[in-house]
Amino acid sequence: MELRVEGLCKSYRGRPVLASLTAVFREGVTCVSAPSGMGKTTLLRLLLGLERPDAGVIHGADCLWAAVFQENRLLEDRSAAANLRFALGEIPGEAGDLLARLGLELRDPKPIRDWSGGMKRRLALARALLAPSEALALDEPFTGLDEENRARCLELIQERGRGKPVVLAVHGLAGLEGAPLLRLGEP
Amino acid sequence: MAPKLRPWSVALWLLAWQGGSMALAAAVPGGGLLLASPVQAARRLLELLPSAAFWRAAGNSSLRISGGFLLSCGLALLLASLAAGRPWLQDLLAPPVAAVKAVPVASFIILALVWLDSRSLSFFISALMVFPPVYLNVLEGLRGTDVQLLELAQVYRIPLRRRIWGIYVPQVLPFFRSASSLALGLCWKAGVAAEVIGLPAGTVGERLYTAKIYLQTPDLFAWTAVILVLAAGFERLFLALVDGLVRKAGA
C-alpha cells in the first residue's frame with residue numbers, strides 16, 4: 001500500500017503553507033522534516049482528511065488511520081486504560097506489554113492528569129500503535145521525551161509500522177538516517 | 001459560592017423570630033395572628049403530617065412541579081443538542097427563550113389560566129421557568145466542546161455512543177448541573193405561585209391560599225416549610241443522579 005499526493009496546495013489567510021507538493025509515502029517510515037510552521041502538521045491533517053486541500057489530489061488516504069497529533073488529545077480525568085477503551089473500544093491483549101515497553105503501567109488507576117508530559121506523550125503513541133490501522137500519521141511523537149524513551153518509541157514505531165505507510169513528522173532525524181525523507185519549506 | 005447555613009446562625013434567627021412573635025402577641029391584640037411563632041408552625045406541621053390530605057397535597061404539587069421540571073429538562077437538552085451545530089435553530093429559539101426570561105411569571109400564569117385548567121397550571125409554569133436556564137447553559141457547554149477530541153474521534157472512527165459518553169457528557173454535565181440547580185429553585189417558586197393563583201384542588205398552593213384567607217399563619221409557615229423540604233429533597237435527589245452520571249462518564 002502507498003499514499004500519493006500530487007500538486008497539493010494549502011494556504012491559511014492567503015499565506016501558502018504547502019505549494020504544489022508531490023510525494024509518495026510507501027510502506028514503512030517516511031520522515032517529514034521542516035522548520036516550524038512550514039507545513040508538517042498541515043500535510044498530516046490533509047492526509048487524515050481533517051482539512052481539504054486548496055488544490056491537488058491525495059491518493060490512497062481514504063484508509064483506516066491511527067494518529068499521534070501535535071497535542072496528546074487524551075481524556076485528562078481518566079486512567080490510561082479508560083483512554084485506550086475510549087479510542088479503541090476494547091483494550092487489545094498486547095496493550096499491557098506494549099505500554100510496559102514504553103515504561104507505562106496499563107493498570108495505573110490514576111487519572112492521566114497526574115502523569116508527566118512525557119508519559120502522556122508515550123500513552124498517545126501507544127494508543128496509535130495499538131489501534132487497528134492501515135496507515136499511521138505521527139506528528140512529532142517524541143516531543144518531551146528523553147533520548148532513552150525516544151529510542152524506545154522509535155523502535156516500536158518501526159516494529160508496528162511494518163507493512164503500512166508511516167508518515168512521521170519530526171524535527172530531529174537521529175535514528176532515522178535510513179528512512180526516506182521529505183523536506184518541506186525548501187525552495 | 002453562597003455562605004453555608006451554620007446551625008448556630010439558624011438557631012439565632014429562629015430565636016429572634018420566636019421573640020418577635022411573642023412580643024407582637026403581647027403588644028397588639030391579635031398580634032399572634034400576624035406572626036405565628038416557629039413553635040406554633042412546627043406544632044401545626046406535626047398536626048398536618050398524619051393526615052391523608054396533607055400527603056395528597058404534597059404529592060400532587062410535587063408530581064406536577066417536578067414533572068414539569070423533568071419534561072422541560074429533557075426538551076431543553078434535546079433542543080440544545082440540536083441547536084449546537086445549527087445557528088439558524090439557535091436564532092429561531094432566541095426570541096421565545098428571551099421572552100420567557102424577561103416576562104414576569106405572573107403574566108404567564110394569568111395567560112396560562114386562560115388556556116389551561118388549573119390542575120395543569122403548575123406543571124406548565126414549572127416547565128416554562130426551567131427551559132431557558134437549562135437550554136442556554138447546555139448550549140454554552142456544547143459550544144465549548146473540545147474540537148481536538150472531536151477530530152481524534154473522527155480519525156479513530158469512534159462510534160457516536162462512545163463520543164457522547166467520552167466527549168459530550170463530561171463537557172456538558174457541569175453546565176447542566178449548575179443550570180438544573182438554579183432551575184429547581186425557580187420551578188418550585190413559580191409552580192407554587194401558579195397554584196396560589198389558579199387554586200387547583202388538593203395542592204400546596206391551595207393550602208397556602210386558604211391559610212392566607214383565614215389568617216392561619218401557623219398553617220402558612222408550616223406549608224412554607226413543606227415547600228422548602230420538598231424542593232430541597234428533590235434537588236438533592238436529582239443532583240445526586242446527575243453526579244452519578246458524572247462519575248460514570250469519568251470512569
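Is A:Cys63 buried or exposed? A:Cys63 counts as buried, at 7% relative accessibility. The model behind this value is a predicted one.

## Cysteines

Over all chains it finds zero. A:Cys63 shows why a bond is ruled out in its case: the closest cysteine sulfur, in A:Cys31, lies 19 Å from the sulfur of A:Cys63, too far for a bond. The cut-off for a disulfide is 2.5 Å between the sulfur atoms.

A:Cys9 is another cysteine in chain A. It counts as partly exposed, because its relative accessibility is 22% and buried means under 20%. A:Cys9 also takes part in strand pairing. Its bridge partner in β4(A) is A:Ala55.

## Strands in chain A

Strand β1 of chain A spans residues 3-12, and strand β2 of chain A spans residues 15-25. The two pair in the antiparallel sense, over seven bridges. Within this pairing, A:Leu8 has A:Leu21 as its bridge partner in β2(A). β1(A) and β2(A) form a hairpin, with two residues between them. A:Arg13 sits in the turn and has a positive phi of about 50°.

β1(A) also pairs with strand β4 of chain A, residues 55-59. These strands run antiparallel as well, joined by four bridges.

## Positive phi angles

Which strand holds A:Ser20? A:Ser20 lies in strand β2 of chain A. Its phi is positive, about 50°, although A:Ser20 is not a glycine.

A:Glu140 has a positive phi too, near 45°, and is likewise a residue other than glycine. Its place is the loop of chain A between β6 (135-139) and α5 (147-160). A:Glu140 counts as buried, at 15% relative accessibility.

Side chains of opposite charge can pair when their charged atoms come close.

A:Glu2 is partly exposed, at 35% relative accessibility. A:Arg4 is partly exposed too, with a relative accessible area of 31%.

Another salt bridge runs between A:Glu76 and A:Lys120. Their closest N and O atoms are 3.1 Å apart. This pair links distant parts of the chain, 44 residues apart. A:Glu76 is in the loop between β5 (65-68) and α2 (80-88) of chain A, while A:Lys120 is in helix α4 (residues 117-130) of chain A. A:Glu76 is partly exposed, with a relative accessible area of 33%. A:Lys120, at 13% relative accessibility, counts as buried.

## Where the chains meet

The size of an interface is often given as the accessible area lost when the parts come together. Chain B and chain A bury about 1,700 Å² between them. Of that area, 57% is on carbon and sulfur atoms. In residues, 18 of chain B are in contact with 25 of chain A.

Two salt bridges are counted between chain B and chain A. Which residue of chain B forms a salt bridge with A:Arg45? The partner is B:Glu151, and the closest N and O atoms are 2.6 Å apart. This pair crosses between chains. A:Arg45 is in helix α1 (residues 40-47) of chain A, and B:Glu151 is in helix α8 (residues 147-155) of chain B. Both A:Arg45 and B:Glu151 are buried.

## A helix in chain B

Helix α3 of chain B covers residues 38-48. Among its residues, B:Pro38, B:Ala41 and B:Leu48 are buried. They cover an arc of only 85° around the axis, so they lie on the same side of α3(B). An α-helix has 3.6 residues a turn, so residues three or four places apart point the same way.

Methods. Residues numbered from 1 in each chain as written. Chains lettered and ligands numbered in written order. Predicted model: local features only at pLDDT ≥ 70, side-chain atom pairs only at ≥ 80, totals over all residues. Heavy atoms only, no water. Buried < 20%, exposed > 50% of the residue type's maximum accessible area, 1.4 Å probe, protein only. Salt bridge = Lys/Arg side-chain N within 4 Å of Asp/Glu carboxyl O. Pairing = 2+ DSSP bridges. Arc of directions from axis to C-beta. Contact = heavy atoms within 4.5 Å. Buried area = accessible area lost by both parts, 1.4 Å probe.
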